[in-house]
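Points are grouped by topic for reference alongside the sequence and the model.

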Amino acid sequence: MLNRLNEETPFDVFSDVMETLRFRGSIFFRSELAAPWGMSLGSTASPRFHILLSGSCFVGVSGEDGIEVRDSEIVMYSGNDAHWIADQPGRPLVPSSDASKACQLSNPLFQQGEITHRIMCGLVHFDRDASHPFIDALPEILHIPRLGRTDPLWMTIQLIDTEIQRGKDPNGPIIDRLTEVLFLQLLNHYISTHQEPAGFLSALSDRRVYQTLKLIHQAPGHNWTQESLGAQVGMSRATLSRKFQEAVGMGPIAYLTKWRIMKAHSLAKYTAEPLEQIADSVGFSSARALGKAFKRHYGCTPQKLRRHGSCAEPEEL
């Protein structure tokens, strides 16, 4: 049955990770600007990207001249770095939150004189309680050079911009979903254009390591062993362990254990599925066994997570 399932059921590990970590996209700024202009962006755990629809500008962290981003190019910061974006280095900077609010109030900033730039800025939220090798593998800075007008990435950008220009809410569901698609396309572009993508992203481009991940993600509740995984993908136990460790940063069974508890966290937090059913679906013998493992990993029980929405202690008023 398992062999048949693997052969007949399409499955995307990347999408499963994205959904379990609850990646959600949004556009927080889109405007036409007249030089001089500049904005600062504070530190955040969410990946942020800037798209030059027309013109060219500079993006950098504090104290640096930054990199030049030209027409039809994209730059993404995936880490916590506070940074700036401006038509030239050294410009006075306005907080991006102020510029965004001004646009929402139909009184955009940087409108004095001839329009020189059109830019769009977005970010991707995810569940910060989650910890996955995928997050660590994101490049700190991703700079995608000029895109052709028929490139799928650019076509998605055009769809987002069209929706915004039609007067749609920038935070509406259509634009949010398109922004998530754009983020996936950015990462696929990175994987396909870099000969040696790092960490978990490299695992997605290694056929047999990816197949191992696919087995784990497709059936986390199955009684996998390193031997049975190796037999499924045509590798010895030792070879599978070495290749998986090199790509993912941990062995396949350690990853399976981590993924089971992460999947349980997502199901407990975002669904009303009974805990006994969740436990069975991710490979625990009972809800009690799941609860013990959950508390060791997250510091609270699934019941508390459901009551409070987080395992963090509530702040005192």
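Helix 11 (residues 252-270) and helix 12 pack with their axes 10 Å apart, at an angle of about 150°. An angle over 145 degrees counts as roughly antiparallel, and helix 11 and helix 12 are therefore roughly antiparallel to each other. The model is predicted, and the chain has a mean pLDDT of 88.

**Packing of helix 11 with helix 12**

- The crossing in which helix 11 passes helix 12 is right-handed.
- Helix 11 contributes Arg 260, Lys 263, Ala 264, Leu 267 and Ala 268 to the contact, and helix 12 contributes Leu 275, Ile 278, Ser 281 and Val 282.
- Sorted by class, the residues of this contact between helix 11 and helix 12 are six nonpolar, one polar and two charged.

**Packing of helix 8 with helix 9**

- Helix 8 (residues 207-218) and helix 9 (residues 226-233) have axes that come within 9 Å and cross at roughly 125°.
- Helix 8 and helix 9 are therefore oblique to each other.
- Where helix 8 passes helix 9, the crossing is right-handed.
- On the side of helix 8, the residues in contact are Arg 208, Gln 211, Thr 212, Leu 215 and Ile 216, and they meet Leu 229, Gln 232 and Val 233 in helix 9.
- The contact of helix 8 with helix 9 comprises four nonpolar residues, three polar residues and one charged residue.

- Five strands form an open sheet in the order 1-9-3-6-10, and their pairing is antiparallel.
- Strand 1 (24-33) and strand 10 (141-144) lie at the edges with a single partner strand each, so one side of each has no neighbour in the sheet.
- On average, neighbouring strands of this sheet are turned by 15° against each other, direction ignored.
- Four bridges join strand 6 (residues 74-77) to strand 10 in the antiparallel sense.
- Within this pairing, Tyr 77 stands opposite Ile 141 in strand 10.

**Pairings of strand 2**

- Strand 2 pairs with strand 7 (residues 83-86) in the antiparallel sense, over four bridges.
- Leu 41 has His 83 in strand 7 as its bridge partner.
- Strand 2 also pairs with strand 8 (residues 94-95), here in the parallel sense and over two bridges.
- Met 39 stands opposite Val 94 in strand 8.

**Backbone features in loops**

- The peptide bond from Ala 35 to Pro 36 is cis, and its omega is near 5°.
- Pro 36 belongs to the loop between strand 1 and strand 2 (38-41).
- Ser 106 is not a glycine, yet it has a positive phi of about 60°.
- The loop that holds Ser 106 runs between helix 3 (96-104) and strand 9 (117-125).

**Confidence of the model**

- A pLDDT of 70 or more is reached by 94% of the residues of the chain.
- Among the elements of the chain, the highest mean pLDDT, 96, belongs to helix 12 (residues 275-282), and the lowest, 40, belongs to helix 1 (residues 2-8).
- Over residues 1-9 pLDDT stays under 50, and the model has twelve contacts beyond four places in sequence for these residues.

Conventions: Residues are numbered from 1 along each chain as its sequence is written. This is a predicted model: local features need pLDDT of at least 70, side-chain atom pairs count only at pLDDT 80 or more; totals for chains, interfaces and linings use all residues. Side-chain values use heavy atoms; hydrogens and water are left out. Axes are lines fitted to C-alpha atoms, for helices over the stretch in contact, and angles run from 0 to 180 degrees between N-to-C directions. Angles under 35 degrees count as roughly parallel, over 145 as roughly antiparallel, 65 to 115 as roughly perpendicular and the rest as oblique. A crossing is left-handed if the near helix is turned anticlockwise from the far one by less than a right angle, and right-handed if clockwise. Contact means heavy atoms within 4.5 Å. Ala, Val, Leu, Ile, Met, Phe, Trp, Tyr, Cys and Pro count as nonpolar, Asp, Glu, Lys and Arg as charged, and the others, Gly among them, as polar. pLDDT is the predictor's confidence in each residue, from 0 to 100. Two strands pair if DSSP finds at least two bridges between them.
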